Amino acid sequence: MVETDRDALAASHLAANWAQVQQRVADACHAAGRDPAEVNILPVSKTFGPDVVRAAMGLGLRRFGENKVQEIRDKSRVLADSGIDWVMIGHLQTNKAKEVARLASEVQSLDRPELAVALDHRLRLEGRRMNALVQVKTSTEPSKYGLPPEQLPAFLDALRAYDTLRVRGLMTLAINSPTPEAVRGCFRLLRELRDQAVARGHELPCLSMGMSGDFPLAIAEGATEVRIGTAIFGVRPYPDAYYWPEK
Ligand SMILES: *Cc1c(COP(=O)(O)O)cnc(C)c1O
């Protein structure tokens with residue numbers, strides 16, 4: 001097969017997957033009595049190269065989730081000036097705040113005070129602001145990052161001091177479990193924490209929760225954004241332990 005045929009085939013697979021994911025999200029919204037316009041899909045392009053991201057841009061996608069700063073750096077270099085909004089969704093080491101402040105438009109893994117300090121410092125130097133979601137640990141699994149729920153009120157209050165960070169909501173990863181009620185419980189907890197914070201005067205319109213394997217449950221619990229990798233781009237060449245290493 002010549003290269004252009006292979007590219008065309010890959011692009012048509014991507015288009016079919018994208019159409020199917022949009023339909024499944026719409027179905028989940030209808031089942032939950034929600035308007036599909038309330039739920040955004042964040043395509044997660046981690047491990048896929050700039051060519052795949054470019055093909056996804058051909059479908060009108062402009063915002064991509066990435067799990068590692070290095071991948072944002074490498075892809076944004078090749079795709080410079082293409083108007084992509086990179087969204088950092090993976091665990092962020094404080095010493096990588098500089099690059100995220102420079103290259104990303106949003107961070108969804110803000111989970112500790114030191115990271116807020118580091119991002120604020122770097123954003124000031126860059127003269128930039130960015131959207132931020134606070135990642136909350138709703139699962140009992142030891143390998144999941146995120147702020148413990150009981151620390152959320154104080155953290156949200158402290159974040160008011162940083163006008164470089166536009167805090168828009170909360171993000172979580174549910175427990176990896178075959179029991180839907182256990183998974184759904186994580187999503188429900190995030191929604192309840194959001195509702196409690198809103199009652200305390202915080203403005204948190206965004207709930208980023210749900211991935212390829214569990215997004216209908218997240219939508220049923222009020223997700224406004226689902227982060228979808230595999231169902232759009234296909235199976236990744238690395239196991240998930242690579243992205244969610246033990247602390
Ligand atoms: C990889 C990843 C996703 C997407 O996972 P899929 O199961 O491939 O849809 C969502 N959120 C985070 C934080 C991720 O690292």
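Helices (H or I, at least four residues) and strands (E, at least two) are DSSP runs here, numbered from the N terminus.

## Ground rules

This is a predicted model, so to speak of a local feature we ask for pLDDT of at least 70, side-chain atom pairs count only at pLDDT 80 or more, and totals for chains, interfaces and linings use all residues. Residues are numbered from 1 along each chain as its sequence is written, and side-chain values use heavy atoms, with hydrogens and water left out.

## Around the ligand

Let's start with the ligand. It is surrounded by 13 residues, and Lys46, Asn67, Ser212, Thr230 and Arg236 are the closest of them. By type, the shell splits into 6 nonpolar, 4 polar and 3 charged residues. In that scheme Ala, Val, Leu, Ile, Met, Phe, Trp, Tyr, Cys and Pro count as nonpolar, Asp, Glu, Lys and Arg as charged, and the others, Gly among them, as polar.

For Lys46, an N or O atom of the side chain sits 2.7 Å from an oxygen atom of the ligand. On its own the ligand exposes 390 Å², and the protein buries 96% of that. Those areas come from the Shrake-Rupley method with a 1.4 Å probe; for residues, only the protein chains shown count as cover.

Lys46 belongs to the loop between E1 and H2. Is this residue buried or exposed? Lys46 is buried, at a relative accessible area of 5%, where buried means under 20%, exposed over 50% and partly exposed in between (1.4 Å probe, protein chains only).

Thr47 is in the loop between strand E1 (40–43) and helix H2 (50–57). Its phi is near 75°, a positive value in a residue other than glycine. The backbone nitrogen of Thr47 is reached by the side chain of Glu71 at 2.8 Å. Glu71 itself is in helix H3 and is buried, with 15% relative accessible area. Setting aside neighbours within four places in sequence, Glu71 contacts Ser45, Lys46, Thr47, Phe48 and Glu66, contact meaning heavy atoms within 4.5 Å.

## Another positive phi

Asp81 also has a positive phi in a residue other than glycine, near 65°. You'll find Asp81 in the loop between helix H3 (69–78) and strand E3 (85–88). Asp81 is exposed, at 84% relative accessibility.

## The buried side of H6

Which residues of helix H6 (residues 152–159) are buried? They are Leu152, Phe155, Leu156 and Leu159. Because they cover an arc of only 100° around the axis, they end up on the same side of H6; the arc is that of the directions from the helix axis to the C-beta atoms. The packing partners of these buried residues are strand E4 (106–110), helix H5 (113–126), strand E5 (130–135), strand E6 (165–171) and helix H7 (180–199).

Leu14 is in helix H1 (residues 3–31) and is buried, at 7% relative accessibility. Not counting residues up to four places away in sequence, Leu14 touches Val52, Ala55, Ala56, Leu59, Ile232 and Phe233.

Pro205 sits in the loop between H7 and strand E7 (206–208). With a relative accessible area of 52%, Pro205 is exposed. Beyond residues up to four places away in sequence, Pro205 touches Arg168, Arg194 and Thr224.

Gly222 is in the loop between helix H8 (215–220) and strand E8 (225–228), and counts as buried at 17% relative accessibility. Its contacts, leaving aside neighbours within four places in sequence, are Arg34, Leu207 and Met209. Gly222 and Ser212 are 10 residues apart in sequence, and their C-alpha atoms are 16 Å apart in space.

Note on methods. A residue is near a molecule or strand if one of its heavy atoms lies within 4 Å of it. A polar contact is a pair of N or O atoms within 3.5 Å; within protein, one must be able to donate a hydrogen and the other to accept it, and residues adjacent in sequence count only if both atoms are side-chain atoms.
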